[in-house]
Amino acid sequence: TEGLDMVRAEPWDFIEEAGADDATDEGSPAPWQSLLQPGFPTGSPTPWQSLMLCPGSPTGTRGATDPRQMLTAWAQTPLWRRLLSPRTLLRPSHAVVLALVLAGALAAVGLAKGLRPGKELSGGSVSALKIAAAVTFTSPTTSTSYPQPKGPHPTLFCWTHIMPRSQEEELVRMQCKEGLGVFACNEAAVLSANETEICEANGVKVEAWWVPTEPAPKGRLGFDGQKTNSYLNARTFMKNWVALINSGHLWAFDFIVKVDADAVFFPDRLRAHIPRDKVGENVYFANCGENPEQSLFGALEVFSATAIRWYAQRMDDCEALPWTGWGEDFFMQQCMNILFVEQDFDAQQVGDALCDPVPCSDRSRAAFHPYRTAEEWLDCHAVAVATTTSTITRTRTTTSSTITMTSTTVTATSTSTVTTTTTVTSTATTTTTTHTTTLPTGTRPMLFCWSHVQPRSYEVKLVEMQLWRRASIFACNGFAVLSSETFEIGVIDNRSITTWYNPAREVTMGKYGVNGQKTNSYLNTKTFLEAWDSLFAADAMWHYDFVVKADPDAVFFPDRLRKHVKPHVDQKVYFANCGIWASGPKMYGALEVFSVPALVQYARQSKVCKQMEWKGWGEDYYMQHCMDSLGIAQVSDFNQVGDDRCVGAPCTDWTKVAYHDFKDPDDWYHCFRVAIGEIDD
């Protein structure tokens, strides 16, 4: 009965009742009375009166001062007027509901006008899209149902951004036609400031999602808070993420993957990298361990859908960061961190020249970066998937025209006029350039071995004999002989083996300690600097595990070396082979062994080494100091070489990989035969 009476009670009954209970002193105003009279001057409207003085108030209530009259009027006001009254807008709970209703209406209007995935609302307003994102994705689940993606699990939605009319467009079109890269994911999207067709696959046109952006300027690391020397493209990618979020295409997938167009990407390998227990978790993956502050490199950025849903809800928090001097990958890492998204570190995810360069033959990597031309990209992809010996051949054909002008001049002396007749002959010339890369075969670890020889010297006789016996560098998976002249060394399988040309440089003998000289041997650094540059330019070494420079007068056994280097495959290392010096281990030039990842870093940063004061150095001293300056790890292996200049060893010592030095061809061959047990010493 009491409850029914309360239902029938008037609104002011509760206020009067509350006021009677809460009054503290006789004559003191109840709390509700304080609200009505908070010390305003006589005749001034109180806050409650001000709330009721609105266009939605019923006739006769304007200026009412009795709370009973005001509350009765409020109860009788239509719902739509109450919702739009200042009193409602000033109450947080009411304001939130109203904001949700209005935002929902905005989203509905956008859909009714045919808003396409990736397109912004009229005027290019990102803020309007952000409102819709905040409304649509405020809970871990969404009421909108999306078809489950087909294909392997965990499911991947992959996307890339391309600059209009750039090399990236050519790369992505090629990937689209071949079904590679992002197009091998469960679903893919290409975003661009230019609405363009990418390709036609299986009878379906693939078009770029249009997201209007401006060109991003280049940064300058350390200047005015900038965090990169690359593009300051955080704003561009913030717009991309807004477009993707509002498309609704992301939420049916397990992971969202942003891929650079010049990254050779394998979605199936990425799936193998993702732990099964991370599916459905709020997580992103860092992929470079050199700098904890920036451990997410943009070639491949992997986020769980849950993480991106959380980003959609808290986008404003991330945009409040000082991102104007940042690249987009740095921005996303900082954003994930302030949102307390779990970071999972995977250093084996990407082989990136900017962090951890590895050859494309490294099957542990999900991506390789950067390969900026279609030809380079396809070559890397072919190496990455090769399982047996093969040759990659890419042919490029260009056509040029040659125009021949033939003139005949006739002179009429009587009229002093000249008439010229011109015959034009056009000849079309077609030039075909074939680039061939032969993948290495044979025993692993794969070794590429090379020597440098002086023309018309004892070294020529040595390498000719080594080729005849298929010994020394010619027993490696791949080999090369460099010289200042081009000449034939011998024949293998009816194939002529000739030297690679390397420019001749004057080489003098050093005198240790004089003018900073570090050797009593040849000051040959310049010669070998150019030899390394020639090898890099030939692009012949990158499919191997190790590169070995061997002196021609070293009796070298590649099969023995493989056992020494096998534990260090895919590591950035070089080997020191002499331990007699108090100053530390040294790399002696009879046998110099480098991992391919170490040489990739050297190729990228050779300017750092070439700026050293190397003119008084031998080439082995230069290479050791170069490796150290680049932070390449040194592995000490004093059983590698028996070298009379360090610690000699008899040719019967089977623990040694090489023996040095044997300049006479007969002496070299004798040591070789002793070492393999053909003869006794």
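Predicted model: local features only at pLDDT ≥ 70, side-chain atom pairs only at ≥ 80, totals over all residues.
Trainee: Is strand 20 largely enclosed or open, and how many of its residues are buried?

Mentor: Strand 20 covers residues 546-550, and it's largely enclosed by the rest of the structure. The reason is the burial count: 5 of the 5 residues are buried.

Trainee: Which residues of strand 20 point the opposite way from Phe 546, Val 548 and Ala 550?

Mentor: In a regular strand the side chains alternate between the two faces of the sheet. Strand 20 has Phe 546, Val 548 and Ala 550 pointing one way, and all of its residues on either side are buried. The ones pointing the other way are Val 547 and Lys 549.

Trainee: How do helix 11 and helix 13 sit: roughly parallel or roughly perpendicular?

Mentor: Two packed helices are described by the angle between their axes and the distance between the axes. For helix 11 (residues 234-247) and helix 13 (residues 305-313), the axes are 11 Å apart and the angle is about 105°. Angles of 65 to 115 degrees count as roughly perpendicular, so that's the word for helix 11 against helix 13: roughly perpendicular.

Trainee: How many nonpolar residues make up that contact of helix 11 with helix 13?

Mentor: Helix 11 brings Met 238, Trp 241 and Ile 245, and these meet Ile 308, Tyr 311 and Ala 312 of helix 13. No polar and no charged residues take part, and the nonpolar count is 6.

Trainee: Where is Pro 445, the one joined to Arg 444 by a cis peptide bond?

Mentor: The bond from Arg 444 to Pro 445 has omega of about -5°. As for its place, Pro 445 lies in the loop between strand 14 (417-438) and strand 15.

Trainee: Is Phe 340 buried or exposed, and what is its relative accessible area?

Mentor: Phe 340 is in the loop between helix 15 (328-338) and strand 10 (342-345). Its phi is positive, near 60°, though it's a residue other than glycine. The cut-off for exposed is over 50%, so Phe 340 counts as exposed, at 75%.

Terms used. Residues numbered from 1 in each chain as written. Heavy atoms only, no water. Buried < 20%, exposed > 50% of the residue type's maximum accessible area, 1.4 Å probe, protein only. Helix = DSSP H or I, 4+ residues; strand = E, 2+ residues; numbered from the N terminus. Axes fitted to C-alpha atoms, helices over the stretch in contact; angles between N-to-C directions. Parallel < 35°, antiparallel > 145°, perpendicular 65-115°, else oblique. Contact = heavy atoms within 4.5 Å. Nonpolar A, V, L, I, M, F, W, Y, C, P; charged D, E, K, R; others polar.
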